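Subject: Structure handover

Hello,

Here is the structure for you to look over. My notes on it follow below.

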Amino acid sequence: MTPQINIDKLWKVFGEHPERALDDLCQSMDAEELNARTGLKAAVRDVTLSISSGEIFVVMGLSGSGKSTLLRMINGLILPTAGEVTVEGKPISQLAAAELQKLRSNKMAMVFQSFALFPQRTALENAAFGLEVAGVPRQKRLEKAREALERVGLGKDLDRLPQQLSGGMQQRVGLARALALDPPILLMDEAFSALDPLIRREMQEQLLELQAESPRTIVFISHDLDEAVRLGDRIALMKEGKVLQCGTPRELLCKPANEQVRHFFQDVDAASVITVDTVAESPACVINQAELLLQQTDQYSKAQKIACIIDENNVFKGVLQQNGEIIPAEKGPALTAETTIRDAMELVANAPYPIPVIGSDQRLIGVISPRRLLRSMILR
Amino acid sequence: MKYVICQVFATVSTGPVGEGMTKTVDWLLNHAQPIFLVIDHAINGLAGAIEQILTVPAPWLLAPLIAILAAWRVSLSFAILSLLGLNLVLFMGLWQPMISTLALVIAASILALLIGIPIGIFSARRQHIWAITRPVLDLMQTMPAFVYLIPAVMFFGTGRVPSTIATLIFSMPPVVRLTYLGIRQVPIDLIEAGRAFGCSERQLLWKVQLPNALPTLMAGVNQTIMLALSMVVIASMIGGGGLGDVVLRGIQQLDVGLGFEGGLAVVILAVILDRLTQSLAASNFSRKSLPQRFKAFTNLWTSS
């Protein structure tokens with residue numbers, strides 16, 4: 001995947017003569033010390049990230065960590081003090097006003113925490129706003145806006161004003177307004193934070209469904225750890241304007257770069273992040289298919305409880321039970337590598353033998369027993 | 001020393017500042033006469049045309065028309081009230097003065113809005129323009145209303161034109177201020193949303209800022225019209241004519257009854273204008289199409 005958004009040594013400092021914060025002495029200070037000595041507020045400090053096409057990239061941090069400022073520098077609503085954001089090869093801070101407007105209209109749409117719907121426009125007119133600005137003829141833009149609203153499940157509320165809609169519905173309109181432009185990049189600023197937990201869950205699922213239908217690059221700002229873990233292909237954890245660590249949810253959980261990251265992730269439900277391939281153990285006994293054909297099954301089944309059957313390429317073929325009976329691969333239970341521990345629990349707990357874990361190429365990765373599963377939860 | 005002080009006090013009528021002003025006015029009178037002539041003709045034409053239009057329908061036609069407008073925009077009870085009020089004006093024999101006052105108010109308000117709204121918009125978008133307009137507005141609002149009459153008379157003599165000009169200057173500040181306020185009060189996230197979806201500065205103004213500022217802006221329009229009405233009465237001192245004339249005659253002749261009648265007619269006109277313009281401000285949020293409004297209006301008669 002090619003990087004679509006490149007963020008290179010980006011700084012944003014608020015205050016008079018913000019470039020003062022960039023000298024070596026100030027760079028070594030933390031945010032509080034910098035503010036006390038110079039009166040400057042550093043919102044984003046030396047952030048370098050690269051976001052690939054088609055991934056959901058979550059920027060996570062507590063409020064005041066600079067994540068919203070970072071997002072606004074991607075579409076140029078805020079200009080950086082130093083560094084550069086490059087979107088599809090175009091450096092944002094060097095674009096002329098007209099070019100920047102065109103880039104915003106064609107390449108990226110934004111969804112806001114406060115919904116930011118226009119109160120005097122109906123849901124349909126709100127959804128058509130981006131197209132209206134881009135100069136699309138009325139009939140065509142209303143058509144597209146209607147399609148976008150139907151996609152988020154608001155096909156029946158086209159003519160209602162924002163104030164007549166519930167919070168969840170309002171944010172669906174906000175989402176439809178962004179989707180109507182069919183942008184390759186979606187910027188979501190705490191888009192679901194103002195919603196009830198139940199609605200939030202629903203919206204997250206809807207976003208994942210939309211993403212499965214037609215993948216976009218989504219930069220998602222969140223302060224909710226569970227949301228970040230559920231949505232993010234990768235997560236960048238920010239604190240006081242700096243990125244503490246950037247990686248997949250599993251990397252952040254299993255290999256935290258420092259104590260702060262570990263502290264942040266201590267409450268995360270590990271079972272819904274860790275996948276079974278990382279905790280699978282090598283099976284107690286493996287039989288090659290060729291050996292099995294040579295009728296040597298008895299010696300295995302007598303000595304061992306159970307054995308996995310593979311062919312010469314390590315492809316999983318089935319399970320040999322103690323009584324000599326063979327369960328072929330397509331009939332017996334098995335787990336794919338990317339299954340989370342949470343999803344695997346029921347199957348593993350109820351199976352009479354350790355469940356084989358199979359990779360995407362059908363090869364046997366290992367087996368997982370209830371005991372192994374429990375220990376993985378303790379050790380992490 | 002004593003002599004100098006005496007000199008200063010002796011010239012209370014015009015000091016050096018006043019003298020400068022007089023010279024400026026003289027210079028303008030001598031050199032800019034064509035401009036004043038154009039302005040004179042334009043305003044005279046506008047105010048005259050409006051008065052002509054308002055006199056075309058006879059009182060028995062215009063009063064019900066206003067009542068229908070009131071029933072449509074405000075309420076049925078207000079329509080009845082305004083019909084009663086207009087009948088009272090007619091009964092007092094003040095219909096024609098009221099029409100000329102109304103014509104002056106409308107002419108001055110149109111001009112004040114045409115000038116004031118753009119100034120308000122520019123001030124809201126450029127902070128340094130606001131730095132200039134703000135003290136000017138303060139000055140315009142604190143200056144006693146009578147002061148505007150003097151230069152107006154100097155440039156345009158007496159009559160309808162100087163009255164309109166004095167009125168438009170006096171009534172302009174609220175619409176400038178409230179246009180400025182309305183645009184500045186548009187929530188920052190709506191501005192951000194506009195920008196994020198690729199608005200140019202012009203699109204931001206027309207599609208985001210003005211629609212959201214409209215209720216506040218309309219409150220400014222209402223205030224401007226009300227101030228214009230109050231100033232038109234004062235402007236009768238320089239020959240504005242209309243109801244102000246009636247009040248002025250009442251004062252000059254110490255005729256309490258005449259003064260009261262003129263005052264009462266002004267109040268009736270003020271109440272009707274106020275409620276009607278307020279309803280314009282409110283209706284922008286209810287967003288009913290014209291057929292819907294017509295239906296609601298006919299329902300008034302069929303249901304009750």
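Asp8(A) has Glu84(A) in β4(A) as its bridge partner. The two strands concerned, β1 (residues 3-14) and β4 (residues 82-87) of chain A, pair in the antiparallel sense over five bridges; strands (E, at least two residues) and helices (H or I, at least four) are DSSP runs, numbered from the N terminus, and two strands pair if DSSP finds at least two bridges between them.

This is a predicted model, in which local features need pLDDT of at least 70, side-chain atom pairs count only at pLDDT 80 or more, and totals for chains, interfaces and linings use all residues. Residues are numbered from 1 along each chain as its sequence is written, while chains are lettered from A and ligands numbered from 1 in the order in which they are written.

The pair above belongs to an open sheet of four strands in chain A, ordered β2-β1-β4-β5, with antiparallel pairing. Its edge strands, β2 (41-52) and β5 (90-91) of chain A, each pair on one side only.

The domain assignment of chain A (bounds from an automatic or database assignment) gives domain 1 (54-76 + 96-270) and domain 2 (276-379). Their C-alpha centres lie 41 Å apart.

Between the chains, the contact takes 17 residues from chain A and 15 residues from chain B; two residues are in contact if their C-beta atoms, placed from the backbone, lie within 7 Å. On the chain A side, α4 (97-107), β6 (108-111) and α6 (129-133) each supply at least two residues, and α4(A) has the largest share, four residues. By class, that side has nine nonpolar, six polar and two charged residues. Nonpolar means Ala, Val, Leu, Ile, Met, Phe, Trp, Tyr, Cys and Pro, charged means Asp, Glu, Lys and Arg, and the others, Gly among them, are polar.

In chain B, helices α8 (residues 149-156) and α9 (residues 160-184) pack at an angle of about 145 degrees, with their axes 9 Å apart. Axes are lines fitted to C-alpha atoms, for helices over the stretch in contact, and angles run from 0 to 180 degrees between N-to-C directions. Leu149(B), Ala152(B), Val153(B) and Phe156(B) in α8(B) meet Val161(B), Pro162(B), Ile165(B) and Ala166(B) in α9(B). That contact has eight nonpolar, no polar and no charged residues.

On confidence, chain B averages a pLDDT (the predictor's confidence in each residue, from 0 to 100) of 86, and 88% of the residues score at least 70. Over residues 1-10 of chain B the pLDDT is below 50, and this stretch has zero contacts in the model beyond near neighbours in sequence. The model scores ipTM 0.78 and pTM 0.78.

Regards
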